[in-house]
Amino acid sequence: MKLSDLLRGSLILTVSGSLLFFSCENDSKNDLSKEGDYLPYTGSVYLVSPQDTSSPVQVSSGDTSYELSIISVDSFESSTGNYSGLHLKDAVWLENNVYITGLSGNVDFKKRQVSNLSDVCSIYGVYGSIVKTDKYYMVVKTKGADSNCYTSDDKSFLINSGMSSTDNAIPLNGWKILTHITGGINDPYISGFLMYNGNSGSVQSCSTDLTACSQLITSAISVERIAVNSRNGHSFYCIENSGSSTIFEFDGVSLINRNISCDNSWDYNYDGTAIYSVHNDKNLYKLSFNDSNWVQIYDGGDMDYIFNIADNYLLLSNFTKIIGVYKDGSSSWDLNIPTINGTNKSISVFSIENTVYLTFTGRDINGNIVDIKACKAAESQTLNCENNSYWLGYTAGVNGRINLDNKAPTIHRLLKVENVDIQGERLGGVLYSLNPDDVSSKLQVGTIPENFKLSFWGGIGRYTLLSGYDSQNRQYDVFFLDLDKDNSLKQITHTTSKNESPFLIYF
């Protein structure tokens with residue numbers, strides 16, 4: 001599975017780091033508000049209340065991996081995209097077995113084993129609806145005959161969050177889940193899965209327990225999901241079949257050959273109206289969901305992949321240059337990326353409406369940061385950069401609207417670090433919470449300790465956890481933050497013997 005597929009298939013509510021959370025206005029541990037009560041972090045499993053960060057509750061003492069947070073909303077209106085009550089539902093992790101503990105409702109601080117599987121190596125996929133996550137499904141891999149993880153004989157199984165410790169997991173036996181099947185955005189409950197078997201070339205539509213399946217294709221050589229139409233739930237696949245590759249559309253029942261050429265080597269992305277692709281000629285093409293042909297919208301012949309999608313335009317890159325291209329193909333422009341010092345260079349990016357936010361990081365051969373810049377650009381503009389700064393990302397609003405074109409939620413606050421000291425990896429800096437409607441209006445929410453660099457995978461509302469890497473001791477600790485309160489950043493773990501970090505948000 002490509003990393004881009006994993007990210008597009010999940011709701012990770014920002015970039016660069018490791019968690020989510022929200023707020024609570026009640027002192028009772030078991031009486032939750034809509035913004036949730038407990039934030040999970042690992043190094044074993046702990047839950048911490050935003051109201052009492054000095055008293056985390058230990059749920060498990062074992063060695064853990066693949067720590068995920070599952071999110072949900074209380075209500076969603078499909079015609080408008082309006083939602084309310086976005087919150088964290090469960091924490092999920094591996095500890096030889098698969099375990100879950102609740103994070104909202106009547107939290108009992110107990111871990112519950114899911115299925116009777118043991119020797120579990122990884123969580124390969126999570127399938128659920130953000131709207132109704134009464135039950136969600138996971139594909140997990142276990143050790144095979146060689147008793148080792150991450151080898152060719154690992155076995156794949158399907159489990160769901162409703163299983164008890166005595167329930168049998170469902171073996172996949174060479175089948176791969178391409179997507180889950182629902183009744184569309186108006187009926188988001190999972191009713192089955194679209195499956196592919198690379199050995200037999202079969203594509204089938206199956207029930208959730210995989211006992212009732214309908215044959216759709218018998219001789220697929222390769223299958224890759226390339227897009228989802230968020231307005232009707234239809235998914236699109238590039239399928240190589242009988243010596244040629246064409247796009248197929250799956251409407252939840254039938255897999256329809258659109259007879260439009262595709263190639264699994266092309267780079268794809270999509271919004272709520274169209275599929276975009278950089279073809280082998282290094283140009284950009286657009287396929288509206290209801291059209292029958294690709295339309296070229298950039299002809300420079302020098303781009304390698306789609307870097308990001310904003311509301312009105314796309315960012316393309318060839319690793320040395322980043323350009324913006326309007327979705328209608330009317331024009332393009334060079335963002336003029338800055339010079340970055342260092343041997344190894346990396347870029348992170350996210351967009352809010354038509355503004356893009358990028359962090360450029362340069363490291364020496366030992367991995368030490370020698371240059372870091374926070375940049376942003378509005379539509380059709382070149383980058384404006386600040387030295388010794390970086391963007392952490394943003395948190396989603398507890399109530400708001402999901403943009404059906406790009407699946408982005410309403411933004412609560414942006415996070416940015418300034419005044420980083422890169423000399424001798426002293427790092428630190430000042431952490432700011434910014435209003436997305438006016439980023440010049442910023443609230444200082446903390447001073448980062450010397451030697452630490454923060455990272456973040458997103459959050460909901462005002463409360464969140466951050467991961468902090470201590471460059472001197474070469475380990476990770478956890479920080480708590482209230483994005484609406486000045487100087488609220490607080491380091492809540494100081495363990496020298498192990499790494500501790502927030503759970504990753506997933507649904």
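Predicted model: local features only at pLDDT ≥ 70, side-chain atom pairs only at ≥ 80, totals over all residues.

Colleague: OK, and which residue does the side chain of R426 meet in a salt bridge?

Modeller: That's D421, with N to O at 2.7 Å. D421 counts as partly exposed too, at 27% relative accessibility.

Colleague: How many salt bridges turn up in the whole structure?

Modeller: A search finds 12. One of them joins K416 and E386, whose closest N and O atoms are 2.6 Å apart. K416 sits in strand β36 (residues 411-418) and E386 in strand β33 (residues 384-387), so this pair ties together parts that are 30 residues apart in sequence.

Colleague: Which residues are linked with K416 in a network of salt bridges?

Modeller: E386, E418 and K442 are linked with K416 in that network.

Colleague: And what about E249 and R258?

Modeller: Their side chains meet in a salt bridge as well, at 2.9 Å from N to O. The cut-off for buried is under 20% relative accessible area. E249 has 14%, so E249 counts as buried, and R258 is buried too, with 18%.

Colleague: Switching topic: what order do the strands take in the open sheet?

Modeller: There are 4 strands, in the order β14-β15-β16-β17, and the pairing is antiparallel. β14 (175-181) and β17 stand at the edges with a single partner strand each, so one side of each has no neighbour in the sheet. From one strand to the next, the twist averages 25 degrees.

Colleague: What actually holds strands together in a sheet, in general?

Modeller: Strands of a sheet pair through backbone hydrogen bonds, and the pairing can be parallel or antiparallel. Here, 6 bridges join β14 to β15 (residues 192-197). One example is I177, whose bridge partner in β15 is M195.

Colleague: How far is T208 from G233?

Modeller: They're 25 residues apart in sequence and 18 Å apart in space, going from C-alpha to C-alpha.

Colleague: How many residues of strand β10 are buried?

Modeller: 7 of its 8 residues, so β10 (residues 120-127) is mostly covered. β10 runs antiparallel to strand β11 (residues 137-142), and 6 bridges join the two. V120, for instance, has T142 as its bridge partner in β11.

Colleague: Last one: which residues have the most contacts inside the largest nonpolar core?

Modeller: L47, L86, W93 and F109, in a core that has 22 residues. The elements giving two or more residues to this core are β2 (45-49), β3 (52-60) and β7 (87-95). β7 gives the most, with 3 residues.

Colleague: How many residues are in the second, separate core?

Modeller: That one has 20 residues, including L392, L427, L431 and V445. As a general picture, nonpolar side chains in soluble globular proteins tend to be buried together.

Definitions and conventions
Residues numbered from 1 in each chain as written. Heavy atoms only, no water. Pairing = 2+ DSSP bridges. Axes fitted to C-alpha atoms, helices over the stretch in contact; angles between N-to-C directions. Buried < 20%, exposed > 50% of the residue type's maximum accessible area, 1.4 Å probe, protein only. Salt bridge = Lys/Arg side-chain N within 4 Å of Asp/Glu carboxyl O. Core = buried A, V, L, I, M, F, W, Y, C linked by side-chain atoms within 4.5 Å.
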